[in-house]
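Subject: Structure handover

Hello,

Here is the structure I promised to pass on. Please open it next to this email and find each residue as you read.

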Amino acid sequence: MRVIEFQFRGLPHAHVVMRLGGLPNEGDTVAQSTWIDQHITASIPTITAESTDEDRAYVELATKHMVHHCNRGQNGCLNDRGNCGKGFPKAVVEATHFDQRGYPVYRRANPHASNVVPHNRLLLTLWDGHVNVEYAGYVFLVLYLYKYIFKGPDRARVEVREGEE
């Protein structure tokens, strides 16, 4: 399923939901966490002398497109108290696990990863743009789908009359 909407600046924004095969059984949170770590990352690797050109290109793309920068203003995420509406920076977490509502809490092994948006390395490399990837194997997926599929386009009704005050 997909829904395309237009953001404040007129740029298209897509919400795409895919059902994948080969996923671990529901309820096996250890296997699900392992699967998530294999396909979704919320960190950027460090470049070393052994890093390949492909690794270097990935780090450049991830740094350019997948690091959240909080800001104020009309489209900003910071509220009056300076808290990010998107929940950044995220806590450092040694292992991926699920919270009490069933949402994944992605592995972020160091403070440098606290502002990295979850993504898939292959999709980021192919897209060369912001591509937030989230694991949606929880009950609240229905709420997400309902919100974005039935939201509809923004509309306004305007009536202009001549000579009236």
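Below are the findings, one topic at a time.

First, a caution: this is a predicted model.

**Salt bridge**

How many salt bridges does the structure hold? It holds one. The partners are Arg-121 and Asp-55. Their closest N and O atoms are 2.7 Å apart. Arg-121 sits in helix 3 and Asp-55 in helix 2, so the bridge ties together parts that are 66 residues apart in sequence. Arg-121 has a relative accessibility of 30%, so it counts as partly exposed. Asp-55 is at 25%, so Asp-55 also counts as partly exposed.

**Aromatic rings**

A search of the whole structure turned up two aromatic pairs. One of them joins Trp-35 and Tyr-135. Their ring centres are 6.0 Å apart. The planes meet at 55°, so this pair is tilted. Stacked would need an angle under 30 degrees, and edge-to-face one over 60. The pair also links distant parts of the chain. Trp-35 belongs to helix 1, while Tyr-135 is in the loop between helix 3 and helix 4. They are 100 residues apart.

Are these two residues buried or exposed? Trp-35 is buried, at 14% relative accessible area. Tyr-135 is buried as well, at 7%. The cut-off for buried is under 20%. Ring pairs also bring in Phe-98, so that Trp-35, Phe-98 and Tyr-135 are linked into a cluster.

**Ser-43**

Next, look at the loop between helix 1 (29–39) and helix 2 (53–65). Ser-43 lies there. It has a relative accessible area of 17%, so it is buried. Which side chain does the Ser-43 side chain make a polar contact with? The partner is the side chain of Thr-41, at 3.2 Å. Leaving out residues up to four places away in sequence, Ser-43 touches Tyr-58, Ala-113, Val-116 and His-119.

**A nonpolar patch**

Now turn to the surface. Val-16, Met-18, Leu-20 and Leu-23 form a nonpolar patch there. Together they have about 380 Å² of accessible area. Leu-20 is in the loop between strand 2 (12–16) and helix 1. Leu-23 lies in the loop between strand 2 and helix 1 too. Leu-20 is partly exposed, at 44% relative accessibility. Leu-23 is partly exposed, at 34%.

Leu-23 has one more point to check. How far apart in space are Leu-23 and Gly-137? From C-alpha to C-alpha, the distance is 9.6 Å. In sequence they are 114 residues apart.

**Two backbone points**

Most residues other than glycine have a negative phi, and most peptide bonds are trans.

The peptide bond from Phe-88 to Pro-89 is cis. Its omega is near -5°. Pro-89 is in the loop between helix 2 and strand 3 (97–98).

Asp-128 has a phi near 55°. That is a positive value in a residue other than glycine. Asp-128 is placed in the loop between helix 3 (121–127) and helix 4 (141–149). Its relative accessible area is 44%, so Asp-128 is partly exposed.

Best wishes

Terms used. Residues are numbered from 1 along each chain as its sequence is written. This is a predicted model: local features need pLDDT of at least 70, side-chain atom pairs count only at pLDDT 80 or more; totals for chains, interfaces and linings use all residues. Side-chain values use heavy atoms; hydrogens and water are left out. Helices (H or I, at least four residues) and strands (E, at least two) are DSSP runs, numbered from the N terminus. Buried means under 20% relative accessible area, exposed over 50%, partly exposed in between (1.4 Å probe, protein chains only). A polar contact is a pair of N or O atoms within 3.5 Å; within protein, one must be able to donate a hydrogen and the other to accept it, and residues adjacent in sequence count only if both atoms are side-chain atoms. Contact means heavy atoms within 4.5 Å. Patches are made of residues with over 30% relative accessible area and no salt bridge: like charges are joined within 9 Å, nonpolar side chains (Val, Leu, Ile, Met, Phe, Trp, Tyr) within 5 Å. Accessible areas come from the Shrake-Rupley method with a 1.4 Å probe; for residues, only the protein chains shown count as cover. A salt bridge is a side-chain nitrogen of Lys or Arg within 4 Å of a carboxyl oxygen of Asp or Glu. Rings of Phe, Tyr and Trp (its six-membered ring) pair if their centres lie within 6.5 Å; planes under 30 degrees apart count as stacked, over 60 as edge-to-face and the rest as tilted.
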